[in-house]
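This report describes how two protein chains are arranged and how they meet. The sequence and structure are shown first.

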There are 2 protein chains.
Amino acid sequence: MILVNGAVSDSIPVNDRGLAYGDGVFRTLRAHGGRPLSWPYQYPKLEHDCSALGIPCPPAALLRTEITRVAEGEPECAVKIVVTRGPGQRGYAPPRESQPSRIVMSAPIPAYPDDYAKSGIKATLCSLRLGFQPRLAGIKHLNRLENVLARWEWRDSSVAEGLLLDAEDNVVGGTMTNLFICTNETLATPDLARCGVAGATRDRVLACAAARHIPCRVSSLPLTEVMRADEIFLVNSLIGVWQIRELADRTWAPGTMTQRIRYWLDEESD
Amino acid sequence: MILVNGAVSDSIPVNDRGLAYGDGVFRTLRAHGGRPLSWPYQYPKLEHDCSALGIPCPPAALLRTEITRVAEGEPECAVKIVVTRGPGQRGYAPPRESQPSRIVMSAPIPAYPDDYAKSGIKATLCSLRLGFQPRLAGIKHLNRLENVLARWEWRDSSVAEGLLLDAEDNVVGGTMTNLFICTNETLATPDLARCGVAGATRDRVLACAAARHIPCRVSSLPLTEVMRADEIFLVNSLIGVWQIRELADRTWAPGTMTQRIRYWLDEESD
């Protein structure tokens, strides 16, 4: 089911600035029995991203009601929320009083092979390098052509995710995931001040590590450092946690830190 | 009037990748009596941009017919063409067989004050710096949040356009225009290999200068060089040619090169 501004619909006006300029933000999350998981992480991120673009954020209660409507009757499903600046006239200048468009839709959870979570995945290094744009970095906005072009680089279905580097050979994340490495029982994840998307599950991992006194550094992560790590794992709200089993010329055995993080996230999932 | 895939409509499906990811391209042009101006420049640009993103480009004849339909009966109007990768399922991976969406719509020509063309405009320097992304540079794609944020920087209606710099202090263009400078009877325009949008009117100016043996350099243009120029002018298909009269702490008198370029473009407009 799709709700557009609260009404069942499967279309939006052509003059919506979300289409014209990618002028909006989105989030993807899991819902169990109509209840959005990790909502205390998801909504603040949506609110932050709307605010960064100057788009009024729909109230949390309204979105929760709409999530329940689109997800009702499904034991579990994926929910996508899109908030755009709404309709606009020709030209880049945002309207003085924008009337945001709100889209809430449900879809089946993607059917990933079980062994992705159990034994890890094969990943590839994308050749596309993410551009630096501090004004948009971290925001889950609708300008996602870099992700589309990166995802298009491989067709090999044995490759589950592609890693993206910036122009200075730092790893930023996957095309649809955030990345963590573990070296000597210490975590690290890329700083997203210049590019990349800050997912809600990344925040959950950071909170979970902090609560358990596991040090986690947030900084630039050169590819050389990532390749030397004891474990590398990728996270997002739909996949949960995937360890990387194979990347470039290296392989990794299942690691205990990845297992612990997955266990803790599952435990705290609400 | 708006045509979506040839049918009168004012909406597109929510699952269109143009909305989800800005996965598409567009062009804006003038039509006189239903006839698109500078079509021999516009269509190849659309074709090039579609090709750069791997989107099948609608045939020229089909688009011309649709432009005539939306612009019919109007002495003059603006026409916007949007081509997206079309509907898609969840996820960045483009569908194996994409069915592009084609939107052709008309609007009144924006009512700019007459003296913009006659006496020049006041411009501002935007603080947002364009990010480098060689894979998308030059393409008029739907990921336009940088332009939206830059255009949002000023509300002063006496300022007609904002200039965008890259991270290395080069001028790349205006938020909606391409830029040329003239120094000692020689033109120069920013190279757009790392960021910026290559408009059809920029190509027309380059062709027009070449035909008249006026040298035109295409290269990085540091702000310091732009500020020292004898003339600076901005171009796009809707505004034509605007000279900059005032920028930062400098003013310029109307210049002869800008007038000649405007005259030639008008003369060759078809």
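How many salt bridges are counted between chain B and chain A? The count is zero. This answer, like every value below, refers to a predicted model.

## Interface between the chains

In chain B, 54 residues are in contact with 54 residues of chain A. The area buried between chain B and chain A is about 4,600 Å², and 65% of it lies on carbon and sulfur atoms. Although no salt bridge is counted between the two chains, the interface holds 15 residue pairs in polar contact, with both residues of each pair at pLDDT 80 or more.

Several elements of chain B give two or more residues to the side that touches chain A: the strands β1 (2-4), β3 (11-13), β4 (24-32), β6 (76-84), β7 (101-107) and β8 (121-130), together with the helices α1 (17-21) and α5 (145-151). The largest share, six residues, comes from α5(B). By residue class, the side of chain B that touches chain A comprises 28 nonpolar, twelve polar and 14 charged residues.

The interface residues tell a matching story. Of those in chain B, 100% are also interface residues in chain A, so the copies meet through the same surface.

## Strand pairing across the interface

Strand pairing also links the two chains: β3 of chain A (residues 11-13) and β3(B) pair in the antiparallel sense over three bridges. Within this pairing, Ile12(A) stands opposite Ile12(B).

## Sheet of chain B

In chain B, six strands form an open sheet in the order β2-β1-β7-β6-β4-β5, with antiparallel pairing. Its edge strands are β2 (7-8) and β5 (35-36), each of which pairs on one side only.

Within chain B, β1(B) and β7(B) run antiparallel and are joined by three bridges. Val4(B) stands opposite Ile103(B), a residue of β7(B).

## Hairpin of chain A

In chain A, strand β9 (residues 159-166) pairs with strand β10 (residues 171-174) in the antiparallel sense, over three bridges. Leu163(A) stands opposite Gly174(A) in β10(A). The hairpin of β9(A) and β10(A) has four residues between the strands, and Asp169(A) takes a positive phi near 65° in this hairpin.

Definitions and conventions: Residues are numbered from 1 along each chain as its sequence is written. Chains are lettered from A and ligands numbered from 1 in the order in which they are written. This is a predicted model: local features need pLDDT of at least 70, side-chain atom pairs count only at pLDDT 80 or more; totals for chains, interfaces and linings use all residues. Side-chain values use heavy atoms; hydrogens and water are left out. Contact means heavy atoms within 4.5 Å. Buried area is the accessible area (1.4 Å probe) that two parts lose on being put together, summed over both. A salt bridge is a side-chain nitrogen of Lys or Arg within 4 Å of a carboxyl oxygen of Asp or Glu. A polar contact is a pair of N or O atoms within 3.5 Å; within protein, one must be able to donate a hydrogen and the other to accept it, and residues adjacent in sequence count only if both atoms are side-chain atoms. Ala, Val, Leu, Ile, Met, Phe, Trp, Tyr, Cys and Pro count as nonpolar, Asp, Glu, Lys and Arg as charged, and the others, Gly among them, as polar. Two strands pair if DSSP finds at least two bridges between them.
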